[in-house]
Amino acid sequence: MSPSASVETGQAAPGAGALPAGAEYALRLGDDALILSQRLGEWITRAPEIEEEMALANIALDLLGQARALLTHAGEGEGCGRDEDALAFRRDEREFRNCLLVELPNGDFGQTVARLLLFSSYQLELYAALRSSTDPTLAAVAARAVKEVAYHRDHAVLWTLRLGDGTEESHRRMQRGLDELWPYAAELFESDPLARDLVPTRVAVDPATLRAPWDAALGAVVSEATLVIPDTGWSPSGGRRGLHTEHLGHLLAEMQHLHRSHPGARW
Amino acid sequence: MTDSATPLAATGWPLWEVFVRSRRGLSHSHAGSLHAPDAEMALRHARDLFTRRMEGVSIWVVPSAAVTASSPDEKDPFFDPAADKVYRHPSFYEIPEGVTNL
């Protein structure tokens, strides 16, 4: 047993293991989309230009749509009657399965672009592969989302090129964004028993297989933007097991406040 | 915070005019304008702002500075002479049945 596997059984969050593997897998993907959507939404009223604000909000809404479908699917797989709202608004921090990358604060615009670049490049490979999932819901979500994510990536690439190959200040900030976030990318490609168990039946994609195409795509963009891929000595992880950074709790407090204070509130 | 009084557009992004073709066979029509740092980004912003509800199959963006506009001072010589030339209107033709865009 690898050290990480023993950590997993030793520190599993409350409620972990209750979900069937397929539902847990959908929950991971759904939580990634939900949390990044919430982060991108924070740019509304704060973006450098109103046009860019629209673009970021649009991307956030695409991700929210993916999250809704995936959380609904996870709730159905669980079979305990939890719907998308119950999963999004009535779970605590340790029950969230998103990667750490998406929960980190936005930082400046360079960091936001860097995260979108890293994450959308991963999601593009992921959804492209999941289109042939034997789980028809996952395949359908992936088929629709792959086009959305291609646009997210395009947006991130255009900004990476402009900031990286722009002014001295924009270059510095873009490089700092990459430096700070690159270590968190490793978690995206971590294989664990749950993901690997779903591979033989072709429900899931082994995350490790997405790393090589991701590296190739990122390498090309980063060098064209006159930036460098940072040499990182660490790769924090734990999100898939419910072990998060201190930032997620604050995000959830804001995201869940309304639903928890006024259960059943509607527009 | 020194620039808190600066209006948003003061980031210096130039203005672009956006033309959207809603269906094949129709011509591009002016949809509005937006700010963007360059043409490529202007296209993306136009996609986000003007084609959210499947309004388009093609987008053009043109720097607003490249548009030469007629001046309100020249309104009379420009447009009034056409007012009494009713024979220029295609109102003496029957539109063939089934033709929707002519």
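In this predicted model, helix α6 (residues 109-130) of chain A packs against helix α7 (residues 136-164) of chain A at an angle of about 150°, with the axes 7 Å apart. Axes are lines fitted to C-alpha atoms, for helices over the stretch in contact, and angles run from 0 to 180 degrees between N-to-C directions. Helices (H or I, at least four residues) and strands (E, at least two) are DSSP runs, numbered from the N terminus. The angle therefore makes α6(A) roughly antiparallel to α7(A). Angles under 35 degrees count as roughly parallel, over 145 as roughly antiparallel, 65 to 115 as roughly perpendicular and the rest as oblique. The residues of this contact comprise 18 nonpolar, six polar and one charged. Here Ala, Val, Leu, Ile, Met, Phe, Trp, Tyr, Cys and Pro count as nonpolar, Asp, Glu, Lys and Arg as charged, and the others, Gly among them, as polar.

Residues are numbered from 1 along each chain as its sequence is written, and chains are lettered from A and ligands numbered from 1 in the order in which they are written. Local features need pLDDT of at least 70 and side-chain atom pairs count only at pLDDT 80 or more, while totals for chains, interfaces and linings use all residues.

Chain B contains two helices and three strands. Their order along the sequence is β-β-α-β-α. Of its 102 residues, 17% count as buried (20 or more other C-beta atoms within 10 Å of the residue's own, with C-beta atoms placed from the backbone). Of the contacts in chain B with a separation of 6 or more, 45% join residues 24 or more positions apart. Two residues are in contact if their C-beta atoms, placed from the backbone, lie within 7 Å.

The average pLDDT of chain B is 82, and 88% of the residues score at least 70. This score is the predictor's confidence in each residue, from 0 to 100. Among the elements of chain B, strand β3 (residues 58-63) has the highest mean pLDDT (96) and helix α2 (residues 75-79) the lowest (79). Over residues 1-8 of chain B, pLDDT stays under 50, and the model has two contacts beyond four places in sequence for them.

For the complex, the predictor gives an ipTM of 0.78 and a pTM of 0.86. The contact takes 10 residues from chain A and 13 residues from chain B. On the side of chain B, β2 (29-35) and α1 (39-50) are the elements that give two or more residues. α1(B) gives the most, with six residues. By class, this side has seven nonpolar, three polar and three charged residues.

Technical notes. Buried ≥ 20, exposed ≤ 12 C-beta atoms within 10 Å, placed from the backbone.
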